[in-house]
Structure formats: C-alpha cells, structure tokens
Amino acid sequence: MRIRLNADGRVLQGTPVQIVQAMHAIAFGADGLSLSEYIDWACDHAGRMMGVQLEIAEGADEERAAAFVDAMIERELAVRL
C-alpha cells in the first residue's frame with residue numbers, strides 16, 4: 001500500500017503497521033509511545049489541530065493500524081496511491 005499524507009505531501013508505503021510506524025517515527029512529541037498509544041495520540045492530534053475526528057476501536061495493533069490508515073483516507077487526511 002502507498003499513501004500520500006495531505007498535510008505535507010510525504011509518501012509512505014508498506015503494510016498499514018509499517019506506514020503507522022513511519023508516521024510515528026517522524027511525529028514530534030510522540031516519543032516513547034507504543035504503536036497503539038501513538039494511534040490514540042494521532043487521533044487526538046487530528047481532532048485538536050485539524051478538527052477531524054478519528055475514532056479507532058480497540059484491538060490488535062495490526063487491526064488498529066489498518067483502521068487508522070483507512071480512516072485517514074476516508075477523512076481526506078491521506079490519499080491512496
């Protein structure tokens with residue numbers, strides 16, 4: 001899977017987990033968070049900074065990462081390439 005983040009034009013590719021890990025690696029202020037904690041942090045950030053509500057259900061990291069990427073595409077924060 002390849003996506004482009006609309007905020008900065010960055011292109012990320014891989015599995016949903018790899019994409020979310022790449023986002024986590026470049027996120028300012030998200031050091032030390034687990035993947036699941038990062039997803040929650042990013043959803044909160046999207047709501048506060050962009051007015052976009054993303055709600056991702058609890059589950060395994062793989063499920064949450066896939067749901068997060070899908071939600072970003074649905075809410076036009078990213079585009080599937």
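How exposed is Ala22, and what is its relative accessible area? I looked this residue up before anything else. Ala22 has a relative accessible area of 26% and is therefore partly exposed; buried means under 20%, exposed over 50%, and partly exposed in between, with a 1.4 Å probe and protein chains only. Ala22 lies in helix 1. I also checked a distance: the C-alpha atoms of Ala22 and Ala78 are 14 Å apart, with 56 residues separating them along the chain.

**Ground rules**

I am working with a predicted model, where local features need pLDDT of at least 70 and side-chain atom pairs count only at pLDDT 80 or more, while totals for chains, interfaces and linings use all residues. Residues are numbered from 1 along each chain as its sequence is written, and side-chain values use heavy atoms, with hydrogens and water left out. For the elements, I use DSSP runs numbered from the N terminus: helices are H or I with at least four residues, and strands are E with at least two.

**The sheet**

I turned to the strands next. Strands of a sheet pair through backbone hydrogen bonds, either parallel or antiparallel. Here 3 strands make an open sheet in the order 2-1-3, with antiparallel pairing; two strands count as paired if DSSP finds at least two bridges between them. Strand 2 (11-13) and strand 3 (78-80) are the edge strands, each pairing on one side only. From one strand to the next, the twist averages 25 degrees. Angles run from 0 to 180 degrees between N-to-C directions, and axes are lines fitted to C-alpha atoms, for helices over the stretch in contact.

I then followed the bridges. Strand 1 (residues 2-5) is joined to strand 2 by 3 bridges, and the two run antiparallel. Arg2 stands opposite Gln13, and Arg4 has Val11 as its bridge partner in strand 2. These two strands form a hairpin with 5 residues between them, and Gly9 in the turn has a positive phi of about 80 degrees. Strand 1 also pairs with strand 3 over 3 bridges, again in the antiparallel sense. There, Ile3 has Arg80 as its bridge partner.

Contact means heavy atoms within 4.5 Å. Helix 3 (residues 61-74) packs on the sheet too, touching strand 1 and strand 3, and its direction makes about 100 degrees with that of strand 3.

**Helix 2 with helix 3**

Helix 2 (residues 35-50) packs with helix 3 at an angle of about 25 degrees, and their axes are 10 Å apart. The two are therefore roughly parallel. I noted the scale: angles under 35 degrees count as roughly parallel, over 145 as roughly antiparallel, 65 to 115 as roughly perpendicular and the rest as oblique. Their crossing is left-handed, meaning the near helix is turned anticlockwise from the far one by less than a right angle; clockwise would be right-handed. Leu35, Ser36, Ile39, Asp40, Ala42 and Cys43 of helix 2 make the contact with Asp61, Arg64, Ala65 and Phe68 of helix 3. By class, that contact has 6 nonpolar, 1 polar and 3 charged residues. Ala, Val, Leu, Ile, Met, Phe, Trp, Tyr, Cys and Pro count as nonpolar, Asp, Glu, Lys and Arg as charged, and the others, Gly among them, as polar.

Ser36 counts as buried because its relative accessibility is 17%. Leaving aside neighbours within four places in sequence, Ser36 is in contact with Asp61 and Arg64.

**Helix 1 with its partners**

How do helix 1 and helix 3 cross? Their axes come within 8 Å and cross at roughly 75 degrees, so the two are roughly perpendicular. Pro16, Val17, Ile19, Val20 and Met23 in helix 1 meet Asp61, Glu62, Ala65, Ala66, Phe68, Val69 and Met72 in helix 3. This contact has 10 nonpolar, no polar and 2 charged residues.

Last, I checked helix 1 against helix 2: they pack at about 70 degrees with axes 10 Å apart, which makes them roughly perpendicular. This crossing is left-handed.
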